[in-house]
Amino acid sequence: CGVVLGVTVHILDIQRRRHSTTTTMEDDIEDLANEDKITGYVHSIDSFTAVDGAGIRCIFFLQSCHKRCVFCCNVDSTDAALARADASTPTPLGRRMRVRECVDIVRRNLDYYKASGGGVTLSGGECLLQPEFARAVCRGVRALGVSASIDTAGAGTDKEWNRVLPHVDCVLLCLKSAFVDRYVAITGTSVEEFELSRRFLRACEAHGTPTWLRFVLMTNPRNDERFAAYATDSEEELVELARVAKSHACVLGIELLPYHRLGVFKFQELELDYALEGMATPTGEDIERAKSILTSQGVRVMC
């Protein structure tokens, strides 16, 4: 979903899962035959970070996302940025990479990833818009003995998820909002996209994939009409979010991500409107209040 906080530290108390029983011999033969043909578009790479999963991780930010989230800090990896590209833009789609190139990058720091219980996270943009590439990278890095996580808002089809999720150790799912109207306002998409995110969560449960729900906390202390449609800190919102979490056995808890302005300059560079101009970042008191509401509902919270 493109929200990355440098102060967030994940303690994911999960063991890596092996899916030999869900991968057929035909799948393996197909993958070996097509290994050199699978490529994807990568926006950027952070090869040494302690966010977006357990331990020290390498994050591949994949290019493309159909959403126009108002708080996005990687808007340059979305289709909105692509629409601004012209013939003078060297790599509007990002860097085209082979799966084995990505795996080789991970191999360079493999000792650090293994020693810390870390691994690789595919983020974006929206990594599930490149499902075969995501699947192949996850398979490749897990073969090295490290975990594979995906940071997503939910995209794709059941058929694609059935191929990707068996090779994923943890899903970081950004829900945007527990209510459809606010979800549509925040993402600039549709009711169908809201339903898609819920269907993806059900797919995670069906596959038994450990999942953290990520939630961007936005406040509106001055009751500014410009931000009324986006604020996510109401008790009603948080109680409903907790209900969603508790209704899916795969959900380990909720990660609160306080709204920040780290990506504003990218909107400016791309000459894109920034809908949250003037919105305040949540205070420590705001965060504690939201955490208290969620934990009172019996949900584990990380922030």
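Let me start with a term we'll need: a crossing of two helices is left-handed if the near helix is turned anticlockwise from the far one by less than a right angle, and right-handed if clockwise.

Okay, what are we looking at? This is a predicted model, where local features need pLDDT of at least 70, side-chain atom pairs count only at pLDDT 80 or more, and totals for chains, interfaces and linings use all residues. Residues are numbered from 1 along each chain as its sequence is written, and side-chain values use heavy atoms, with hydrogens and water left out.

So, the overview. The chain has 11 helices and nine strands; those are DSSP runs numbered from the N terminus, H or I over at least four residues for helices, E over at least two for strands. Of its 303 residues, 54% are buried, meaning under 20% relative accessible area with a 1.4 Å probe, protein chains only.

Now the sheet. The nine strands make an open, mixed sheet, and the order runs β3-β1-β2-β4-β5-β6-β7-β8-β9. Two strands count as paired if DSSP finds at least two bridges between them. At the edges sit β3, residues 95-98, and β9, residues 301-302, each pairing on one side only. β3 pairs with β1, residues 39-49, in the antiparallel sense over four bridges.

Angles here run from 0 to 180 degrees between N-to-C directions, and axes are lines fitted to C-alpha atoms, for helices over the stretch in contact. Then there's helix α8, residues 191-207, which packs on the sheet and touches β5, β6, β7 and β8.

On to helix pairs. α3, residues 99-108, and α5 have axes that come within 9 Å and cross at roughly 35 degrees. Here's our opening term: α3 passes α5 in a right-handed crossing. Where they meet, α3 brings Val-99, Cys-102, Val-103 and Val-106, while α5 brings Phe-133, Ala-136, Val-137, Gly-140 and Val-141. By "meet" I mean contact, heavy atoms within 4.5 Å.

The other pair is α9, residues 235-246, with α11, residues 284-296: they pack at about 45 degrees, axes 9 Å apart. That makes α9 oblique to α11; under 35 degrees is roughly parallel, over 145 roughly antiparallel, 65 to 115 roughly perpendicular, and the rest oblique. α9 passes α11 in a right-handed crossing too. Among the residues meeting there are Leu-238 in α9 and Ile-293 in α11.

Technical notes. Buried < 20%, exposed > 50% of the residue type's maximum accessible area, 1.4 Å probe, protein only.
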